[in-house]
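Try each task before reading its solution.

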Amino acid sequence: MRPSSVLRAVVLLLLVFPPGCASASKSSARKAAPSQRASASAPRGQQARSAPQARPAQPTAKDFAHDMVEAHNQARARARPTPKPALPPLVWSDEAARQAASWAKACKFEHNPERGEFGENLAAATPDAWTTQQVVKSWADEVSDYDHARNTCKKGKVCGHYTQVVWRKTTAVGCATVTCKKNSPFGADFPTWQLWVCNYAPPGNFVGQRPY
C-alpha cells in the first residue's frame, strides 16, 4: 500500500580510490531516512515518515554554488580531531561542476566511470527531502563513524563521504543536482527523485592515506 504521508528517503554513495589510481575501487552505499528535520537517520532498511512540507524555492546556480562551497568549508572547519594546520577552504570549480552536471543528467545512481581525475560523492533523495546544506551535512556527519587514529570506519559504518569532504589535498569542488523521473533507487512507488553529484579536485580517499 502506498503510504499516505510523504516519504523522505535518502541514499548516499561514496567513492574510494586505491593509491595512485583514478578509477573506483569497491564502492559502498547506505540507505537511510531522515527525520522531519532531515538531520537524523533510521537504521538500514527502515523508513521514516514525515509531515508534508511546503516545497522550497529552487536556488539559482549562483546560490547553489555558494551554498555548496560554504557547507563544505564549514565541515572542513569543524573536522575532528582538529587539523593542524587548519584545512584550507575549498573553492568552486567550474570544470568539476560541468563534469558533475554532465553525469547527473543521466539520472544514474552510480559513479561516473569516465570522470577523469576527480573524486566523487553522490546522494539521492525523494524531492525536497534535503537542502543543499543538508546534503553536505549528511556527509560531514559521518565524522562520528570515523576513527582518525586507525584511519578506519567503525564496523558496519560508512565514512568515506566525510573523509573526501575534509581531504587536505583537495582544493576545489563542483556540484550539480537534478530531478529525475527514471532509474529511481527508491522503487516504482517513488519514480521521481533528486540526485546530487559533487566532484573534487584533486581527488581524495586514497587507500592507506589519512585525510589530513
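**Exercise 1: around M68**

M68 touches W92, T132, V136, C175, W196 and C198, leaving aside residues up to four places away in sequence. The model is a predicted one.

Task: Find which residues have the most contacts inside the largest nonpolar core, and which elements supply it.

Solution. Step one: the largest nonpolar core has 27 residues, and those with the most contacts inside it are M68, W139, V166, V173, W196 and C198. Step two: at least two residues each come from α1 (61-77), β6 (119-125), α3 (132-140), α4, β9 (172-180) and β10 (193-201). Step three: α1 gives the largest share, five residues. Step four: a second, separate core of 14 residues includes W103, A104, L122 and L195.

**Exercise 2: the sides of α2**

Task: Decide where around helix α2 its buried residues lie.

Solution. Step one: list the buried residues of α2 (residues 94-104), which are A96, A97, Q99, A100, W103 and A104. Step two: these residues lie on the same side of α2, because they cover an arc of only 160° around the axis. Step three: the exposed residues E95 and R98 sit on the face turned away from the buried side of α2. Step four: the buried residues of α2 pack against β5 (91-92), β6, β9 and β10.

**Exercise 3: Q164**

Task: Determine whether Q164 is buried or exposed.

Solution. Step two: buried means under 20% relative accessible area. Step three: Q164 has 2% relative accessibility, so Q164 counts as buried. Step four: beyond four places away in sequence, Q164 touches G119, E120, N121, T170, Y200, P203, G204 and N205.

Terms used:
Residues are numbered from 1 along each chain as its sequence is written. This is a predicted model: local features need pLDDT of at least 70, side-chain atom pairs count only at pLDDT 80 or more; totals for chains, interfaces and linings use all residues. Side-chain values use heavy atoms; hydrogens and water are left out. Buried means under 20% relative accessible area, exposed over 50%, partly exposed in between (1.4 Å probe, protein chains only). Contact means heavy atoms within 4.5 Å. A nonpolar core is a set of buried Ala, Val, Leu, Ile, Met, Phe, Trp, Tyr and Cys residues joined through side-chain atoms within 4.5 Å. Helices (H or I, at least four residues) and strands (E, at least two) are DSSP runs, numbered from the N terminus. The arc is that of the directions from the helix axis to the C-beta atoms.
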